[in-house]
Amino acid sequence: MNSTITRRGALGAAAAALAAPAVRAQGAPSAVRIGYAISKTGPNAGGAAITTIPNYEMWVKEVNAAGGLRLGQARVPIQVTEYDDRSVSEDTVRAAERLVNQDRVDFVLPPWGTALNLAVAPILNRAGYPHLASTAVTDRAPELGRRWTNSFWMLGTGSGAGAGLVEVLAPLKQQGRIGDTVALVSVADGFGIELANGMRPAFQRAGFRLTYDRSYPVGTQDMAPILAEAARGNPEVFVACSYPPDTLAITEQARVSGFNPKVFYTGVGTAFPLYKQRFGAATEGVMGVGGVDASSQRFQDYLRRHVASAGREPDRWASAITFASLEMLQQAIERVGRIDRAAVIRELQTGSFDTVIGPVKLQNNLLTDLWQVGQWQGGEFYGLMPLNKQGAKPAILPKPAWPAA
Amino acid sequence: MSNAALGLSLLALAALAALPFLDTGFWLALAINVAQYAVLATAWAMFSGPTRYVSLATAAFFGIGAYTVAVLGEALPWPLVLLVAGVIGAVMSLLVGFATLRLSGVYFVVFTFGLAELVRQLVTWFEVNVTRSMGRYVFVEISQAQILWQLLALFGALLALGTWLARSRLGFALRVIGEDETVARHVGIDTARAKVALFALSSVFMALVGAVMAPRWTYLDPAIAFNPSISFTVLIMALLGGTRSLLGPLLGVVPLAMLFEVLTARFPNHFSILVGVVFLLVVYALPQGVSGLLARLRRGAVA
């Protein structure tokens, strides 16, 4: 990358600098170039379309409507370069290299999902770009934050979310409001396994008994046999560490077969607007990963803008966190006041930020203060745990009966 | 390929090895991608060209090599990891080869496609039930430049092997098998053994490419390692280039890799459609591949 300054290029740059208008003479560029590669096709496309793309687009629209990012005295609009990574690691790696070395964008927004965030992490680290991983959830997040100090892991850990559920349930068991039997099913893939791994020891410590514990392969269509077996022991608590398609199938099957334990928990996808659309009033009392503080004005405002911008609601887990990560990036850039990526990274490490999920200050490059467990209550997916977090709701227990379809 | 051509090719590869000193970013990334497919497509054509067995097992061997690195990468020194990956690839291909190379035609195609899925499910089963985690981290200190050098070395070795093979009894036997397997058996060729031997050689290279590439992605799970699109991409590249000569596949790899790059950059929203159109064009317009077309043009010029 060091042999690319040619005489013609230098002349061109000098000419451009001379011709630049007065505002830019103070050192502000004509645009802040932001690039991202996102899964528009392939298996990740669904998740990216729900959680990531609407937030990226809305943020750029809002910033540019306000005149752009504030760099010193000037307002500088954002210019976007986007690619499709086709949900393939190798394509993601090349797209990131292209953004950094060919397009020379000023900042790179991350791809969707754990695998692709890890694929770009070493590249962004080597190039010194901040990396706000808002849709990666892995038990090794603390280690990754130390390994790549430019990377920020915003969605917690699978086992943290798993243990969080037990933290909600343990006091309820002590009060005698639920019994000690738990049926656990989990999808045999990264997050499903980590979630279940977090739950098992926590359940044991809290004195629960697992009456059923089975995993099923990704892409299982028919949930009826698994659910029938899980329901056989008549467990007080049913937990599915599931992915979106299975979350829908399991809920549907439980409703149809009238399996209605006191606690009904499903995994990824429970917090999706699609889930509410599909099950309507039947969502009441269902618990899952994620949650929001729906009583907060900031969130309600975000919800309204998201609907106006994307034509649909955000999900109640990583959406608001993704948008918050963009607000953090914006505030960090504006505090630094120029395109200085090292300074922006330092600001992200140490600064406090005002975002749609409330005030945020990262701990060792991790977002630790986030909703681990949520519950549908009256058509909104409220955060239940951490129990002492601002806006935490008490759990509805027992879960009401499934309404007749 | 003549000795002179081989020498020239190896010299060209050595020159390409200087690339990381000129650019460590995008062009290096692109070169790695091209080199990766160059080895895979040439290894594929080495077996499938003469025997005319269309194999979709590339992803299976690539994936097993990549997974070897994910499991052993931090435990063993790097050359040893590569050795293990190659050995596992060889053992697996021998098992598979003896079991299936008696199949022919479409049965073989279907079986090899199923193989990648089978291995992927076995790895998944193992991870879920034994290690109780899915997704592995590859933290190996291998730079992008080293990845390119290893791929170029693999390609060089492959060219040397292919040149030797073309002159050997084994290579001759395979050409006879490709023309007519029944005749081959009648003239006393042990067809099964010849096919298995070549299948194993080709598979070892695929497994090694997987192993070399794994550190590039940091994170591996079975879906990434055993991605069936690798098999199809390699197949279409080799078909475009032509499988009759050793450097034939390269004539398909370079243009297609460049084309994919341009399409992703310029038409991110229409990539899949455009690639589909290109595949159709390749099959309809160039049934003998680019090298076949070149040979025809040359014959035309002579006549």
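**Entry 1: confidence**

pLDDT is the predictor's confidence in each residue, from 0 to 100. I needed that term first, since this is a predicted model: local features need pLDDT of at least 70, side-chain atom pairs count only at pLDDT 80 or more, and totals for chains, interfaces and linings use all residues. Residues are numbered from 1 along each chain as its sequence is written, while chains are lettered from A and ligands numbered from 1 in the order in which they are written.

I looked up chain A and found an average pLDDT of 91, with 93% of the residues scoring at least 70. Confidence in chain A is lowest in helix 2 (residues 22-25), at a mean of 42, and highest in strand 5 (residues 107-109), at 98. Helices (H or I, at least four residues) and strands (E, at least two) are DSSP runs, numbered from the N terminus. Over residues 1-25 of chain A the pLDDT is below 50, and this stretch has 11 contacts in the model beyond near neighbours in sequence. Two residues are in contact if their C-beta atoms, placed from the backbone, lie within 7 Å. I note that where pLDDT is low, the predicted coordinates should not be read in detail.

**Entry 2: chain A as a whole**

I found 14 helices and 16 strands in chain A. Its radius of gyration is 23 Å, close to the 22 Å that the globule rule gives for 405 residues, so chain A is as compact as a globular protein of that length. The radius is taken over C-alpha atoms, and the rule is 2.2 Å times the number of residues to the power 0.38. Along the principal axes, the C-alpha atoms of chain A fill a box of roughly 80 × 40 × 35 Å.

Of the 405 residues in chain A, 53% are buried. A residue is buried if 20 or more other C-beta atoms lie within 10 Å of its own, exposed if 12 or fewer, and partly exposed in between, with C-beta atoms placed from the backbone. Among contacts in chain A with a separation of 6 or more, 68% are between residues 24 or more positions apart.

**Entry 3: domains of chain A**

Chain A is divided into domain 1 (30-157 + 296-361) and domain 2 (158-294 + 372-385); the bounds come from an automatic or database domain assignment. Taken over C-alpha atoms, the centres of domain 1 and domain 2 of chain A are separated by 30 Å. Their contact takes 16 residues from domain 1 and 19 residues from domain 2.

**Entry 4: helix 13 of chain A**

I checked helix 13 (residues 318-336) of chain A, which has 19 residues and reaches 27 Å from its first C-alpha to its last, close to the 27 Å expected at 1.5 Å a residue. The expected span is 1.5 Å times one less than the number of residues. A:Gly337 follows helix 13, and its phi is positive, near 85°.

**Entry 5: where chains A and B touch**

I counted 28 residues from chain B and 31 residues from chain A in the contact. On the chain B side, helix 3 (26-51), helix 6 (106-131), helix 13 (248-266) and helix 14 (271-285) each supply at least two residues. Helix 3 of chain B gives the most, with 4 residues.

**Entry 6: helix 7 of chain B**

The 24 residues of helix 7 (residues 144-167) of chain B should span 34 Å at 1.5 Å a residue, and its end C-alpha atoms are 35 Å apart, which agrees. Its buried residues include B:Ile147, B:Leu151, B:Phe155 and B:Leu158. What covers the buried residues of helix 7 includes helix 1 (3-16) and helix 10 (191-213) of chain B.

**Entry 7: backbone exceptions**

Most residues other than glycine have a negative phi, and most peptide bonds are trans. I listed some exceptions.

- A:Asn234 has a positive phi of about 50° although it is not a glycine. The residue is in the loop between helix 9 (224-232) and strand 10 (237-241) of chain A, and with 11 C-beta neighbours inside 10 Å it counts as exposed.
- B:Arg52, also not a glycine, has a positive phi of about 60°. B:Arg52 is partly exposed, with 15 other C-beta atoms within 10 Å.
- A cis peptide bond joins A:Met385 and A:Pro386, with omega about 10°. A:Pro386 is in the segment after strand 16 (380-385) of chain A.
- The peptide bond from A:Leu397 to A:Pro398 is cis, with omega near -10°.
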